[in-house]
Amino acid sequence: MLTSIVYYYVLLFFMTRIIPGQLNCSCDQPESDFATGVNLVYYKCNNETPATIAYPITAPEDMLTMLDKNKQTIFYIFGYLQNLENDNVRLITKALCYGRTDNVILLDWSKYSKGLYMTVFQNAEKIGTLFAKSIQKLKESDLDVSKIYIIGHSLGAHIAGFVGKCNKDFKIPRITALDPANPMFYPFGCYLTNEDASWIDVIHTDMGGYGTPTSMGTAEYYANGGTRPQPGCPLMGIPLSDKALCSHQRSVELYAELKYFPNKFMAKRCSSDFNYNSNEHEVTEIGYTASNVTGSFCFETGEQS
């Protein structure tokens with residue numbers, strides 16, 4: 001078993017040395033029955049029961065009556081193998097609801113998020129086109145797109161990019177990508193690029209592992225160098241186990257903590273080899289309160305919240 005695990009990570013190391021070229025992305029809508037069971041889930045962010053309301057992704061207009069037009073609207077997209085009940089999904093949606101500062105909506109694609117990765121990725125691209133069309137419908141129903149903020153973890157970060165790719169008549173202000181999935185797991189797909197929103201900030205915690213080894217945004221934030229093992233996480237583990245995913249999931253945990261404590265970590269501008277520049281006084285916030293900066297930034301964390 002140990003030999004197979006070592007082989008897996010050695011192979012993964014060499015795979016991530018190659019940066020795949022991105023093919024043309026299709027915005028064609030999938031067959032009509034594909035969308036059945038894919039929903040936008042609105043979080044009430046209070047103590048009412050039920051706590052959420054699900055709306056079909058193909059008919060999101062009714063959700064507008066629930067939204068506070070004066071607030072920013074956050075869409076969260078989880079990654080491979082996850083669903084609404086996943087611990088990290090619960091963690092971040094609870095954090096996003098904290099203070100009731102925003103409208104909080106989750107893209108529930110759990111019907112297609114499990115299974116063979118190549119199949120899931122192909123389905124995720126279809127989910128991306130559905131999501132882009134849904135945002136377009138919300139805009140046509142008078143949702144203020146200047147107040148849209150999309151957050152995606154892992155494969156969810158690439159789904160987020162379809163909004164920018166498939167809607168050319170408006171620009172999403174911001175996408176936050178939490179350790180975007182490594183393109184080498186499916187090299188011929190459609191991935192997040194720095195053109196998909198006006199500003200894209202990326203938090204790296206497992207570069208070259210389950211997370212991308214390349215930059216994808218306009219601002220790149222590297223936690224503890226951006227690679228595994230993150231503090232408190234093992235270097236290796238059985239593929240897709242909690243131990244193996246620990247560093248990859250840490251990006252979500254860090255974002256959630258920074259929602260509660262915005263200034264707990266501050267990032268300094270650094271170079272591509274993660275050495276701090278001479279201007280050590282240039283710092284920026286990370287996560288929810290991050291500003292519209294560009295370049296590379298580094299920060300350090302401990303093992304636990």
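How much space lies in the largest pocket of this protein? In this predicted model, the largest pocket holds about 540 Å³ of space, and helix H5 gives the most to its lining, with six residues. The protein as a whole has five helices and 11 strands, and buried residues make up 52% of its 305 residues.

**Overall fold**
- Among contacts in the protein with a separation of 6 or more, 73% are accounted for by residues 24 or more positions apart.
- The protein exposes about 13700 Å², of which carbon and sulfur atoms supply 53%.

**The largest pocket**
- The lining of this pocket consists of 23 residues, and those closest to the pocket centre are Tyr-80, Leu-81, Leu-240, Leu-245 and Gln-249.
- The elements that give two or more residues to the lining are H2 and H5.

- In soluble globular proteins, nonpolar side chains tend to be buried together.
- The largest nonpolar core here has 78 residues, among which Leu-107, Trp-109, Phe-131, Ile-150 and Tyr-221 touch the most other members.
- Helix H3, spanning residues 117-140, gives the most to this core, with nine residues.
- Beyond its neighbours within four places in sequence, Trp-109 is in contact with Ile-77, Phe-78, Gly-79, Tyr-80, Val-120, Ala-124, Ile-127, Leu-155 and Ile-159; Tyr-80 is also one of the residues closest to the centre of the largest pocket.

**Helix H2**
- Within H2, which covers residues 87-97, the buried residues are Asn-88, Val-89, Ile-92, Thr-93, Ala-95, Leu-96 and Cys-97.
- These buried residues pack against strands E1 (39-43), E3 (72-77), E4 (102-108), E5 (148-153) and E6 (174-178), as well as against helix H5 (242-260).

**Lys-259 in helix H5**
- Lys-259 lies in helix H5 and counts as buried because its relative accessibility is 6%, where the cut-off for buried is under 20%.
- Not counting residues up to four places away in sequence, Lys-259 touches Ala-95, Leu-96, Tyr-98, Thr-101, Asp-102 and Tyr-288, and of these Ala-95 and Leu-96 are among the buried residues of H2.
- The side chains of Lys-259 and Thr-101 are joined by a polar contact of 3.5 Å.
- Lys-259 and Ile-286 are separated by 27 residues in sequence, and their C-alpha atoms lie 9.5 Å apart in space.

Definitions and conventions
Residues numbered from 1 in each chain as written. Predicted model: local features only at pLDDT ≥ 70, side-chain atom pairs only at ≥ 80, totals over all residues. Heavy atoms only, no water. Buried < 20%, exposed > 50% of the residue type's maximum accessible area, 1.4 Å probe, protein only. Helix = DSSP H or I, 4+ residues; strand = E, 2+ residues; numbered from the N terminus. Contact = heavy atoms within 4.5 Å. Areas by Shrake-Rupley, 256 points an atom, 1.4 Å probe, with all protein chains shown as cover. Core = buried A, V, L, I, M, F, W, Y, C linked by side-chain atoms within 4.5 Å. 1 Å grid on protein atoms, 1.4 Å probe; cavity = no way out; pocket = protein on both sides within 12 Å on 5 of 7 lines; lining within 4 Å. Points joined across faces, edges and corners; volume = space filled by probe spheres on them. Polar contact = N/O pair within 3.5 Å; in protein donor to acceptor, adjacent residues only side chain to side chain.
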